[in-house]
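Here is a short briefing to keep beside you while you look around this protein. Have the viewer open, and pick out the residues as they come up.

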Amino acid sequence: MKMLSIILLILSAPALFVPVFSGYVLGLLMIVLAISLWSSKEFQKVGSNGKAFIKALMPVSRAAAVFWLCLAFSACAAGTLSGSIDQNALIRSLGNFFVKYVLLWFVYLSFWWRVGASDQNSRIFSTAYALSAVVNAAYCLIQRQIGVDWAHGFGHFLGENRFAYGVYRVSGFMGHPLTLGYCQVLALVASIHFFMVSISRQEKIAWLASALSAAFVLLISGSRGPQLTALVGGLLIVPIRLWKLRWREVGVMSLLLLILAAKIGVFERYSELLSRGFGGDMRSIHWAVHWQVFKDNFWFGMGPGGPKSAISAYYFAYQADDNIRLAHNTFLQCGADFGIVGLGGMFLWLRSWSKIEIRSKATKQAISVVIAVTVLAGLTQNVLQDSGFVLGVTTWIMIITSFEVSRRDKLVSTTQNSNHFSREGDAAT
């Protein structure tokens, strides 16, 4: 069973760079491992770490279930009130949300405490992730230059819709540029955090390689939202005292990055925001449409089982194309689909993450930055409906929390050993 645990740790690294299905397959193996290990001596030895981990994440566990119940109630109410509902679409949508918000969370709870259970596990994952990140960065560079799309086969290339100023927008192995981009933002802030707090030299090198790889992918990606979110996340994750201490190095590095960004045409991409019919213009239409849908269906939204023609009518009212019926804003999307009831469930879910941050000590800043970049990402993309992003944020929150729990255990162990050595508190002293 120990070997299976190590294999899952190693495979979990590349799973964060490929389609989400791989993460679900690993989840099945995690459950098999948890059931097999439940009554073994190995579990009894490290069970306290697992219990502390589950307890630390209990606020999110409860909120995830409440969130999905809000979505289910709202969807059923919307269908009942409208009198027109596609039952297959409703079941498919609620099933999808149950898997990504509830099932995935509880399955991963059974496994990720193992990272903090031993220093060996931590080194194994950091090394595996660094290797995966470097390979992903190399592939993204190749994809940017010639458009290869190995996610769909070795002979496939990205389509014309992936072009931005003569270069391909990078989607990596995931299939969508923004899914890759926002997942790399999470990886960037988490890697910087672990680089700063890791004691092992091997882990520091691994996390530095991971952070640099994520930053490189974001720089060449051509995705503006992730780039801006990464900039904010990078500024927040590094303590102010380090900015003051290393301001010369930061200045030189920033200048080099600006020169490189200008050379590869990063800034030209932002001029597209001012062009009618492109990014900024179309996004404002998506926002306006879904805001109007939310206002007209305030309590329960339009519902995932509602007819597609209903939302198309809103686009036609704006004299716009209805080919893409997505809000490009995770909060507007939830409000339009599930009304204030569903939106309230989402905010309760997000608020539960802040409870983890409040109770944390060693990882307080990391959790707060993950929350911040998730909210910022949600303003320009449906990240919390994106299965790939939900897998990413679930994994990183659990890895960060596992580190928090392991730090607590080590502090308690050190204190107990110190007390035992000095016989502090012993009545016989």
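This is a predicted model: local features need pLDDT of at least 70, side-chain atom pairs count only at pLDDT 80 or more; totals for chains, interfaces and linings use all residues.

The protein has 18 helices and two strands. Of its 429 residues, 49% are buried.

**The protein as a whole**

- The protein exposes about 21,100 Å², and carbon and sulfur atoms supply 67% of that area.
- If you take the contacts between residues at least 6 apart in sequence, 76% of them join residues at least 24 apart.

**Helix 1 with helix 7**

- Helix 1 covers residues 2-15 and helix 7 covers residues 119-146; the two pack at an angle of about 30°, and their axes are 7 Å apart.
- The crossing of helix 1 past helix 7 is right-handed.
- On the helix 1 side, the contact is made by Lys2, Ile6, Leu9, Ile10, Ser12, Ala13 and Pro14.
- Their partners in helix 7 are Gln120, Asn121, Ile124, Phe125, Ala128, Tyr129 and Ser132.
- Sorted by type, the residues of this contact between helix 1 and helix 7 are nine nonpolar, four polar and one charged.

**Helix 8 with helix 10**

- Helix 8 (residues 177-197) packs with helix 10 (residues 224-237) at an angle of about 15°, with 9 Å between their axes.
- Angles under 35 degrees count as roughly parallel, so helix 8 and helix 10 are roughly parallel to each other.
- Helix 8 also passes helix 10 in a right-handed crossing.
- Helix 8 brings Leu178, Gly181, Tyr182, Val185, Leu188, Val189, Ile192, His193 and Met196 to the contact, while helix 10 brings Gly225, Pro226, Thr229, Ala230, Gly233, Gly234 and Ile237.
- The contact of helix 8 with helix 10 has 10 nonpolar residues, six polar ones and no charged ones.

**Leu231, a residue of helix 10**

- Leu231 sits in helix 10.
- Is Leu231 buried or exposed? With a relative accessible area of 52%, Leu231 is exposed, because exposed means over 50%.
- Leu231 and Ala215 are 16 residues apart along the chain, and their C-alpha atoms are separated by 9.5 Å.

**The loop between helix 15 and helix 16**

- Gln319 lies in the loop that runs between helix 15 (308-317) and helix 16 (330-359), and His328 is in the loop between helix 15 and helix 16 too.
- Gln319 has a phi near 55°, a positive value in a residue other than glycine.
- His328 is not a glycine either, and has a positive phi of about 55°.
- What does accessibility say about Gln319? Its relative accessible area is 77%, so Gln319 is exposed.
- His328, in contrast, counts as buried at 14% relative accessibility, because the cut-off for buried is under 20%.

**Helix 16 with helix 17**

- Helix 16 and helix 17 (residues 364-378) have axes that come within 10 Å and cross at roughly 170°.
- That angle makes helix 16 roughly antiparallel to helix 17, because angles over 145 degrees count as such.
- Which residues of helix 16 take part? They are Thr330, Phe331, Trp353, Ser354, Ile356, Glu357 and Ile358.
- In helix 17 they meet Lys364, Ile367, Ser368, Ile371, Thr374, Val375 and Gly378.
- The residues in the contact of helix 16 with helix 17 divide into seven nonpolar, five polar and two charged.

Definitions and conventions. Residues are numbered from 1 along each chain as its sequence is written. Side-chain values use heavy atoms; hydrogens and water are left out. Axes are lines fitted to C-alpha atoms, for helices over the stretch in contact, and angles run from 0 to 180 degrees between N-to-C directions. Helices (H or I, at least four residues) and strands (E, at least two) are DSSP runs, numbered from the N terminus. A crossing is left-handed if the near helix is turned anticlockwise from the far one by less than a right angle, and right-handed if clockwise. Contact means heavy atoms within 4.5 Å. Ala, Val, Leu, Ile, Met, Phe, Trp, Tyr, Cys and Pro count as nonpolar, Asp, Glu, Lys and Arg as charged, and the others, Gly among them, as polar. Buried means under 20% relative accessible area, exposed over 50%, partly exposed in between (1.4 Å probe, protein chains only). Accessible areas come from the Shrake-Rupley method with a 1.4 Å probe; for residues, only the protein chains shown count as cover. Angles under 35 degrees count as roughly parallel, over 145 as roughly antiparallel, 65 to 115 as roughly perpendicular and the rest as oblique.
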